[in-house]
Each structure stands twice: as C-alpha cells, then as structure tokens.
Amino acid sequence: MLLNQFLILGAVLFCIGVYGVIARKNAVMVLMSIELILNSVNINLLAFSLRNGSVDGHTFALYVIAVAAAEVGVGLAMVLLMYRNRRSIGLDELSEMKG
Amino acid sequence: MIAADLLVAQNIGFAIIAAIMVIGALRVVTTSNVVHAALWLVVVLAGAAAQYVLLAAEFVAITQVLVYIGAVMVLFLFGTMLTRARIGVETDLNNKNWFMGVPVAVLLFATLAIALNDGFGDQRLPSDSPVVSTQQLSDQIFGPYLLPFWALSFVLLAAVIGAIVLSRRD
Amino acid sequence: MLAAATEMTETVLSSGWFLENAWIIPIIPAISFALIIFFGKRMPKKGSEFGVASMLGALVFSAGAAYQWIQRVNGAEEGAYIAPIVKTWTWWQNDGVSLGIGQHVDGLTVTILLVVAFISSLVQIYSLEYLRGDRRYTHFFASLTLFSAGMLNMVVAENMIQLILGWEIMGLCSFMLIGHWWEEGANSRAALKAFFTTRTGDIGLLTGTAVLYFAANEWTTKTLGVSGFSIRGLSSWALSGDPSSAAITVGAVALFIAAIGKSGQFPLHTWLPDAMAGPTPVSSLLHSSTMVVAGVFLVARVYPVFFEGLNILGSGANFIVIIGGITIVIAALLAFVQTDIKKVLAYSTVSQLGYMMMGLGAGAWLPAVFHIFTHAFFKACLFLGAGSISHSSSHHSFEMKKDMGGLRKFMPITFTTWIISTLALCGVFPFSGFFSKDEIIDNVGYAGYNVFMIVGLAGAFLTAAYMTRATYLTFFGSPRGASAGEHHEEEGHGAHASHDDHAHDSHDTHGHDAHASHDDHASHGPHESGWLITAPLIILATLALSSGFLNAAPFGHSWENFKKWVEPSAEVINPTGIAYVTGGAGEARISSDEPTEPVEGEEAHSGAPLAAASGEEDHSSEEGHHKSDCGTKTPVDGVCVAPQLNHAPFKWSKAGLSMLIVFAGMLSSWILCVQLYERKNKKLVGLTQRNKALGAGYKFLVNKYYLDALYENVIVRSIAHPIARGAYWINQNILDGIVNGAGTSAKTVAGWVYRNVDQKLVDGAVNSSGNAAQAAGGALQPVQSGKVNMYGALLFGAAAIGALILVIINT
C-alpha cells in the first residue's frame, strides 16, 4: 500500500468537511462536518504511525476521539441552548457580531 | 510496481471503502435531510474504522465504533430530535452563499494534493507490520503520554460540567 | 504509579519511623480539610473538631520526627555531616521529564514542621472561642487546615515543584482568610491586594525555578542522579563550581523576589499590614508566625544558591542584606504612627522578617533560622493577646487610642503574657528574642557588614520604642472608649469596624444565645477572656520566655543545642550519599545503600579553629567546627551541600551594648508616652501640626512612604491603563476601521477626488472611480457579516491560499 493513498483520502474527507462547515446553515450539520474533519486527521495520524512504526499516532488518535466526543457534547448543549432561546438553530441568525 | 500492488487484496479493500466513504461524506454535506445526513455520517465513520483496521490499528478501530458510532451518533440524533428539526426534507439547510465553500474546498484540496504528492510521492507502507497490541498502546498512554492523558481527562470533566450547565433548564 | 524508592540512608546514623514517614505530616491536615469541607457542617462542632484533631496529630508526628532527628544527630560524631532523610516517588512524568514528590527531612525541616504544627494547633484551639458563632465558621476551619497542609507540604518538600505547590496553596488560603469577612469592601480589597502583591513575587519563584532547573539539571543528573528541581541537587550544584555566574545569579535574584513578596520585604511589604483585615487568629498564624516566614524559609532552604549567586560573605553588600536592612528600619518607623494595635504588630513582623533576611544575607544562617523559631512564639502570642483584648474588653475594636488603655487591671493573664512577649520581641535578656536577634546583629557585624550591624541596632532601639508605646496605650493610662464600658452602636471605626459589624451580624444570625452572651461582654465591661483563649497565650508566653535557651550562646558551647541539631555541616561528602534517583522509568536507584563516608583527607581540616579575632580562643576551638572549603573553593572528589559559615563568638560587652540601646528605647518612649497621653504636655501634643518638618515626616509615615500610591496610581495606572486604552483604541480604530474604514476612506478619497479633480477631468471618469471605490467598500463590508460560516470560509480560504503559496515556493 502507498502512504499517499491514505493521505489523499484524508485530504478528500477534510475538504468535504470544510465545505460542509462553510455551506451548512444548520448548527447540527456544521457539527457533523467537523466530525468529518476530525476523522480525516485520525486517518493521517494512523497512516504516519504505521509508516514510522511507532505507537504515538495511535495514542493521539485515541485522544482526538476523546476530544471529539467532548466537543460534540458541548456543541450539542450549545445548540440546545440556542434553540431554547431563539426557536431556531440557523447559524445565519447569530449575527450580533455584524460589522 | 504500482500495478502489481493494485492486485493486493488490501488495496482493493481500500479502494472500495474509500469510495464509499467519499460518497458518504459528500452526501453528509449535501443531503437536505438532517437524519439522512446523520446516517450517512455513520457510513463514513464505519468506513474510517475499516481503514484503521487496514492501518493495523485494531484498538483505535474498535474505539471508533464504540465511541463514534455508538455514542456520538446517538447524541447527534438526540440533538436533532430535541431541536425539533423536521424529520424530512428541509429546503433551507444551506446558507445563502453556500457556493463560497466550493472554491475554498477545491483550492484546499488542490494544495493538499500537490503538497502530499510532492512530499510523499511513492512511499510505501510496510505490508508485514504487526498489529499494534492494546498493551503497547496502554504502555504509551500511561507511560510517556500520561500528562496529555491527564489534561484530556480534565477536558472531559469540563465538557461534562459545561454540557450540563448549558443545557439544563433553570 | 507510585514506584516507591525508599531507602535506608546510612547504616551509621539512626533513623526512626517518624523521620522516615515525615511525608505523612502534611497529609493529615489535607485529609482533614476534605472531611471538613464535605462533612463539617453536619458535625456537632461544625467541623472544628477535625481541624483541631488533625493539627494535634500533625504536632505529635512533628514532635516525634524532631525527637528522632535529635537522636540521629546525637548519635553521630560531633560536626559530622548528617544526611537528610529523603524519599521520593514519581509524581508525574512526561517524555523525559519526571517530577518527584516526597520528603527532604533535615534539621531545618523538623524545626519549621514543629513550629507550624504547634502554632497551628494553638491558634485553632484559640479560634474555637474567638470565632464562636461566626457565619462561616466551618469554612474558616477548612481554610486554616488547608493552609497548614500547604505549609507543611512546602516544608517537607523534596523538590522545588513540591515547594511551589505548598507555596501557592498558602497564597490561596491567605487570600481566603484575609477576605473571610468579604462583605466589607475593605476586607476584600485587602485580600486582593495581598494576593496580587504576593503573586507579583511569585513570578520570581517560577522564573527562578525554571532558570535553575535548566542550568543545573545536567550536572545534577550526571553527578547525583537526581533532577534539577531537587533541593539537595540544587544545593550541591550551587557549591560545585559548575554553575555559570550569570545563571545562578539570575536564579537567585528571581527566587529572592519571590521571598520579598511572600515575606513582606521592602518594597513589597505593603500587603502585610492590610492583611490584618482578616480575623485575628489568621493574623497570628499566617501573617506573623508561619506563612510570612515562607520567604525566609525558601532562602534558608536552598541557601547555597543564594550564597553563590548573590556572593554572600563576599566583598561588599549584597541584595539580600540590603533589602533586609531597609525593611527593618522603614517598617519599624511605620509602626510609630499606627493607632491600630494589629497594624503595629504587623509592621513589627515586617521588621523582624527584615532581621531574618539580613541575617541570611550576611551569612548568619543559624541565627536567622533560630529567629524564625523564637519569633513564631512571641509574635503569635502578641497577636493572640491583641485578639484577646478586642474579644473581651474593647468590644471588637483594635484602636489603641480610642478604645483601649488601663487594661492591665482587668486582664492580668493577657497583660502578663503580652509583657513577656514584648520583652522577648525587644530582645531583653533572658527572653528568647535576645538569643536570636542579638545573634543576628552580632553575626552581621562579625561578617564585616558594619553598616548593617548599626542598622540592626537602630532597629532594636525602634522596636523597643514602638512596643513600649503600644504597651502603654493598651495597658496603662486610663481606660478609653469601649474598654471604659462605652457601647458603640455606630458602625464606623475606619477599616476595622468590619470586625465590629461582623460581630453584630453573626450574633444576630445565630440566634439568641450568642446574642445574650455578647451583651454580657458589653455590660460587664472589660474582663479576662475564657480559658480557650488564655491557655494558648500562657503556653506561647512560656515558650517566648524559655525557647531561647535552646541556643543560649552566652552560656557556652554546651548550650548551643539548636546549632548542633539544625545547622548542616559544611563537609565535602561523597555524592552517592545524597544520590537517590527519583522514581524514573527504570526505577534506577544509584547505590543508595552506600553509607556516607567523609572523603579522605577531609579530616585534615578538622580542628583548625576559626580565626577568631577575640581573645576567646578557648571558646572558638571548643566549637569544634570543621573548617571546610565549601563555599570558597570548588570541592574535589565530592560535593558540598552547605557553605562554610562563621559564627561570631559571644561577648557580653556587645550584648550589654545592645541591651543598653533597648532600654534607652523603652525609657525614652515611655517618657514620651506619659508626656503625650497622660500629662498632655502642651509642648508635645500637636507638635506635628506646629512643626513643619516633623509634620511632613509624620505625613510621610502615615501615608506609608506613598508606596501604595505609587503602586496603585503610578505603576498600575501607567501599565494597565495604557494597555486597556491601547486595546480599546485598536478595537475602535483598527479592527472596526479596517473594514468600514476601507470603505469610508475610499469614499472620502473618492469625494476628495470628486471635489478637486472634477473640474479638470471628465465627469464620467470621476464618477466611475468614485463608484468603484464605493463598491469596494460595499464589497468588503459583507465580510464582517457576523456569520460563523462566513468566517469559517475566510479562515479556510486564507489558509488554503497561504498554503498554496508556500507549496509553490517550495516546489
């Protein structure tokens, strides 16, 4: 197997995730796109770990999974709060920062 | 050389799974149904778990299945239902100027592809490397990487408390 | 993870269970703290029983350790190096760096352990009565117990990280306890001030530890097999000749800045008097006898680092001795203009801490440590005495001029203990202060710092004078204000009315019983306090009287027990004697069972008497000090753990001189007080209003040398405000301006062009350029849409473009 095939797969997923973050309005969908990005990072970590013959990448892949779980928990709590206050989870309505 | 490698079963497996994952990922960001998006995400995550197995990372793959597909997806579905998003087709899931994402993503991918091709060209992965055992992994986590593990446990604690504080009705 | 690396230190030296397990001492109050927090409110005594019991337990353990340490020293050869009892476990590690936690027990450790555990026990017992019915009674005991845990942990610390841990816990508890009655604005301000001021110094602690670690780690790992954080590693490294002078000087100065902050040395002493806003037991425990000596302890703990880094005993004055000397005098002068009895004692504490620092700076390590020991007893006694007065006689006021006077008749026990402690503080023979303070002054002069010896004597004069004034105002003359039976209902007594108000509040909230007993106080006038208050006073006064005899230099060598027990011997020793590896990956332990042997040839130094200029050759040779080269030359074939220090031979003539100075101070102050406050001598009363020079001096002192004004108005304002203003300005003008400004300035330009060039160019060209500019502004404005997605798109797009440029450049 080539190293690059995994890296390119990671890159494709990453870019799709970025597209999702930009294009989606629904907050839950944005969170899902972020999950895509995190998974592409994990694929990279494990590919490099195999190439270098070390276990470090595995360790950090696990840490990334844990952080992602925390992120989803807090993110969804924020979405719930947002829904409760505005009856909507459209990110385009959160524009108090408009310049 | 490459042609010979393509015959290896691993490569065939990779290609099939990768194709499914890319299609699934594209559906996640394009579908107009939130629940469908979540289910497509399951496909992508399961594919990622399969790729981890290919990369000799069994424990991470199992964790991926347990944590992501098991827990995170349930959270997503709960989040979708609690916010009473319509379980069905929605027309306004995208931003007004969603097309901004296309050039950015394409540009980003082009950059990455050039850089990766340039940097790692035809480097091969060792085909006979042993599967990383759980014991090796635990020695790493509770040995040299104990401090990040601690930090992580604090992050999780903070996330738990934060999620409770944010979402409770008071 | 607790890979225990226990070891027997030596076959020769005796040890014992209490010594081997001194690390348990801080654990006891730590557990008790948790118990108080979780179960305290449900207990019959509201958690105070946990606090008192844990402190008594810690006291028993400390006493056991002290006893066994004395056994260990007595069992060894006179003047031999007594190895500390060290234990370490790996606390945490991360790729390459591993930090230990454990104990480093030597004479200094057991001394301070004993003092802290003892004073804490007495203060907690005292607080049972003093804070009865307080609204945050449980929290008070929790903080007090946590403080003890922190301090004990700092004292037994095996390495600097553990020391910092304890140090910061103390800082936190100090903050919580000063602000115990935080409903009063003044109290919470005082707490914040104390916290921020000591934090300013703590920057030095972190910096110094880091600098020393990076400078020392390689040497200590190679030579001793311990990390560059460990105290024994740092001590021997400093004297090894390995350190570059820049690194060790920077490290020592940084650490000393931490000591300045914590121990209230000039110019960071301003927080300590304000810290008296806390309850009196807190002032007694934290802000006079234990916590504030942490800075002094730090200097004494890694003394070799300061010895080498600041060139102690070198030519000329060094940083420590200068700061100490300045602190002695300025704090003593400030004590004269205070009317609040606790503030007098606070400035007295600052001044006495200055003595300790000056002693350390002049190589008088032992007298300084001994002064920590004696000072703790008499200063705690004075503070508790002040608390006793306010609790029982002056209706919770600390104002000497308004609410005290003539109390000696009403409070005989408080009065007697106060007088004993005052005499000890002034350094009158044979009270304990004499043996420690005079030794410091003596040794400072002996080491050649003549100017600072005079400073020390002047400080002794001032100390005697201000303490006489305080004693006169409190106990003599006629009763005034509250102590005369007047019942204040008004709320305002300046800053310390808080205590007064507080008492009312708490009694109101805690039902009828408490209130009734409170009324008793008022109706019966001044009276002696209950036994829970007087018993600690009596114990402390007894020790203030007698503790000096532990190191009574005047009576000959056989009385200098404290020196024998505590002072580390300056010998060149085999590095393996102190080399225990901290846990580590392989739990490598470098031959720790090897007994410590003095290096061959060491004996040649022994018996060489100190070059004492005096005629008392007999005395100095009797000292039996091994004159070693530690601190002066690079040790060969071994390491030094303590520098060779000299001891001034005791002379009655010098002691007599300082005694005369002290009595002169007392007498002149007494006469002045009688004239001023009793006879109301016309010449003296109001002198500061009439005489301009004196008035200016008085005003200067009342305003505390304008240091607070300097810090708050000049430094804080000149640093913090410009930063805030600058940030605001950037926010207003740059961040907002970039986008909107791009549009508007383009519009302005366009307008300017329109007005000025219009006449000369074709209208259409002008209009189109103006429109283009407007369009540019308009196109940029949506960028600040406030939408998260848009920001994400910009972020990733910019990153992609930047990365693309990098890729193109590199390929």
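What is the handedness of the crossing of α5(B) and α31(C)?

**Entry 1: conventions.** I noted that this is a predicted model, in which local features need pLDDT of at least 70, side-chain atom pairs count only at pLDDT 80 or more, and totals for chains, interfaces and linings use all residues. Residues are numbered from 1 along each chain as its sequence is written, while chains are lettered from A and ligands numbered from 1 in the order in which they are written.

**Entry 2: α5(B) against α31(C).** I looked up the packing of helix α5 (residues 101-120) of chain B on helix α31 (residues 788-810) of chain C, and found an angle of about 30° with the axes 9 Å apart. Helices here are DSSP runs of H or I with at least four residues, strands are runs of E with at least two, and both are numbered from the N terminus. Axes are lines fitted to C-alpha atoms, for helices over the stretch in contact, and angles run from 0 to 180 degrees between N-to-C directions. The angle makes α5(B) roughly parallel to α31(C) (under 35 degrees; over 145 is roughly antiparallel, 65 to 115 roughly perpendicular, the rest oblique). The crossing is left-handed, that is, the near helix is turned anticlockwise from the far one by less than a right angle, clockwise being right-handed.

I then listed the contact residues (C-beta atoms, placed from the backbone, within 7 Å). Among them are Gly101(B), Val104(B) and Leu107(B) of α5(B), and Ala793(C), Phe796(C) and Gly797(C) of α31(C). By class, this contact has 12 nonpolar, three polar and no charged residues. Nonpolar covers Ala, Val, Leu, Ile, Met, Phe, Trp, Tyr, Cys and Pro; charged covers Asp, Glu, Lys and Arg; the others, Gly among them, are polar.

**Entry 3: chain B and its neighbour chain A.** I found 73 residues of chain B in contact with 60 residues of chain A. On this side of chain B, α4(B) gives the most, with 12 residues. The chain B residues here divide into 51 nonpolar, 19 polar and three charged.

**Entry 4: α3(A).** Helix α3 (residues 56-86) of chain A has 31 residues and reaches 44 Å from its first C-alpha to its last, close to the 45 Å expected (1.5 Å times one less than the number of residues). Just after α3(A), I noted that Arg87(A) takes a positive phi of about 60°.

**Entry 5: chain C.** I recorded 31 helices and four strands in chain C. Of its 811 residues, 53% count as buried (20 or more other C-beta atoms within 10 Å of a residue's own; exposed is 12 or fewer, partly exposed in between).

Methods: Contact = placed C-beta atoms within 7 Å.
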